[in-house]
Amino acid sequence: MYNIKPIKKEYEDIYTKDFINPNTVVFYINNGDTLYLNDGTYVYRNQLIRSNNGFKTFSPISGTFNIKKGLIIIKNDFKEKSKTGNNVLDDIFKLKKEDILNSIEKYGLLCDNYLLKDIFNKKYNLLLLNFTNSLVNHYGNRRLVIRHAKELLDTCDLLRKELKVKTIVCFDGLDKEICKLINGIEGLYPKLIINYVDEYYPYTTSLLIKKKYLKEYKNKILYLDTLTTYKIYNVLKRGIQSDHKYISITGTGINNEKILVKVKYGTTISELLKKIVGKNYKNFDYYINNPFTKEKIDNINYYTVDDDIDVIYVENKVKQVSHNCIKCGKCLEVCPIHINPRSKDKSKCIKCGSCNRVCPSNINLLEVTNHE
């Protein structure tokens, strides 16, 4: 069984930076979008700018709203003017199910590209909240747990009570700091089942946690991750949609430094990298989330910060040369679901990329069908 324990200094020497004042933010206009502002008008931070079948986008900055070639481009005036007040609910446990549904509908929250309101209206046998760190180098997820553990657990307990469903919360059992933190407060939540996951599979922990409970609870599982749960807390407690997230940046191009950046949604990846990497940012190759699945960003001007980007790898440009398979068996050893990555049948493959990570012949085993 593939079990990696974090190295002792994994969470040391992480540089934290804020980039919450980009020059512009950009959102692509999709079919069916309803826009609420005209070209050239002023937009406030947290103001609704578009909707599409219940999904809503709020401006993360204040400035000038422009429409150009299928894009919403907001030019920052750096004043952070907001139309919304700072109304904070003193106790979220006063909320009932109807209040929760109304709030997540008002702000158009999504989970796996589905509206949370529609998801919450279904009947479940289990509410499963996964707060483990399923991506290597995804320090932002851990930052949310460390800084907002009580807020996350309050949200879990509220949902358990109002949805009337058994609730399991999973934390990273290999992270001593998180374990100590949760141990100190879990007594406040006697009706939550808190599990510590002590096996770690790079890039697939979330998927395997889901599979563990699917059969027992007859596929009727409401699954939420750390970021989604924190977004729910924000709309319930503060009445605002989150306008930023954390992105980790690392790689050989920046001497394997570990940088955690607080960045506004809609920020272009090119502007972010120019700020973090420097003026020579165009001289590197970039990969997102899992570098072993070869998910390369070919045009950094096209990508913007959204919930699909958690880690960016800055890599020196190196021509990768593949060689013939030497039948070392390393790919077999690391596969978390125990299939042969060199076989023709890939139907059970979960595309974690673990085989690519260890292959000494530099074969992309996710794309090819056989290397016998």
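User: What makes the overall size agree with a compact globule?

Analyst: This is a predicted model, and its radius of gyration is 22 Å. For 372 residues, a compact globule would come out near 21 Å, so the two agree. Along the principal axes, the C-alpha trace spans about 65 × 50 × 40 Å.

User: How do you know how far to trust the prediction, in terms of pLDDT?

Analyst: The mean pLDDT is 88, and 93% of the residues reach 70 or more. Residues 1-8 are another matter: pLDDT stays under 50 there. The model does give that stretch 18 contacts beyond four places in sequence. Still, where pLDDT is low, predicted coordinates should not be read in detail.

User: What is the protein built from in terms of secondary structure, and how much of it counts as buried?

Analyst: There are nine helices and 19 strands. Buried takes a relative accessible area under 20%, and 51% of the 372 residues count as such. The protein exposes about 19300 Å², with carbon and sulfur atoms supplying 48% of that. As for contacts between residues at least 6 apart in sequence, 69% join residues at least 24 apart.

User: What is the phi of Asn-53?

Analyst: It's near 55 degrees, a positive value in a residue that isn't glycine. Most residues other than glycine have a negative phi. The setting is a hairpin with two residues between the strands β5 and β6. Those strands run antiparallel and are joined by four bridges, with Arg-50 opposite Thr-57 of β6.

User: Is Asn-255 buried or exposed?

Analyst: Exposed: its relative accessible area is 67%, and the label needs over 50%. Asn-255 has a positive phi too, about 55 degrees, without being a glycine. Its loop runs between β15 (244-250) and β16 (258-264).

User: What makes β17 largely enclosed?

Analyst: Five of the five residues of β17 are buried, so the rest of the structure largely encloses it. Phe-284, Tyr-286 and Ile-288 point one way, while Asp-285 and Tyr-287 point the other.

User: How do you know which strands pair with β17?

Analyst: Pairing takes at least two bridges. β17 and β19 have five, in the antiparallel sense, and Phe-284 has Asn-316 as its bridge partner in β19. Strand β18 (residues 296-297) is joined to β17 by two bridges, again antiparallel. There, Tyr-287 is partnered with Lys-296.

User: What makes β2 and β4 edge strands?

Analyst: β2 (24-28) and β4 (42-43) each pair on one side only. They belong to an open sheet of four strands in the order β2-β8-β7-β4, with antiparallel pairing. Within it, β7 (residues 63-68) and β8 (residues 71-76) share six bridges, and Ile-67 has Ile-72 of β8 as its partner.

User: Which residues have the most contacts inside the largest nonpolar core?

Analyst: They are Phe-120, Leu-224, Ile-249, Leu-272 and Ile-312, in a core of 67 residues. Helix α3 (residues 139-163) gives the most to this core, with 10 residues. Apart from that core lies another of 10 residues, among them Leu-128, Ile-168, Val-197 and Tyr-217.

User: What does Leu-224 touch?

Analyst: Leaving aside neighbours within four places in sequence, its contacts include Cys-111, Leu-116, Phe-120, Leu-159 and Ile-232.

User: Which residues of helix α7 are buried, and what covers them?

Analyst: In α7 (residues 269-277), the buried ones are Ile-269, Ser-270, Glu-271, Leu-272, Leu-273 and Ile-276. Their cover includes β1 (14-19), β2, β15, β16, β17 (284-288) and β19 (311-316). Just after α7 comes Gly-278, with a positive phi of about 115 degrees.

How values were computed. Residues are numbered from 1 along each chain as its sequence is written. This is a predicted model: local features need pLDDT of at least 70, side-chain atom pairs count only at pLDDT 80 or more; totals for chains, interfaces and linings use all residues. Side-chain values use heavy atoms; hydrogens and water are left out. pLDDT is the predictor's confidence in each residue, from 0 to 100. Contact means heavy atoms within 4.5 Å. Buried means under 20% relative accessible area, exposed over 50%, partly exposed in between (1.4 Å probe, protein chains only). A nonpolar core is a set of buried Ala, Val, Leu, Ile, Met, Phe, Trp, Tyr and Cys residues joined through side-chain atoms within 4.5 Å. The radius of gyration is taken over C-alpha atoms; the globule rule is 2.2 Å times the number of residues to the power 0.38. Accessible areas come from the Shrake-Rupley method with a 1.4 Å probe; for residues, only the protein chains shown count as cover.
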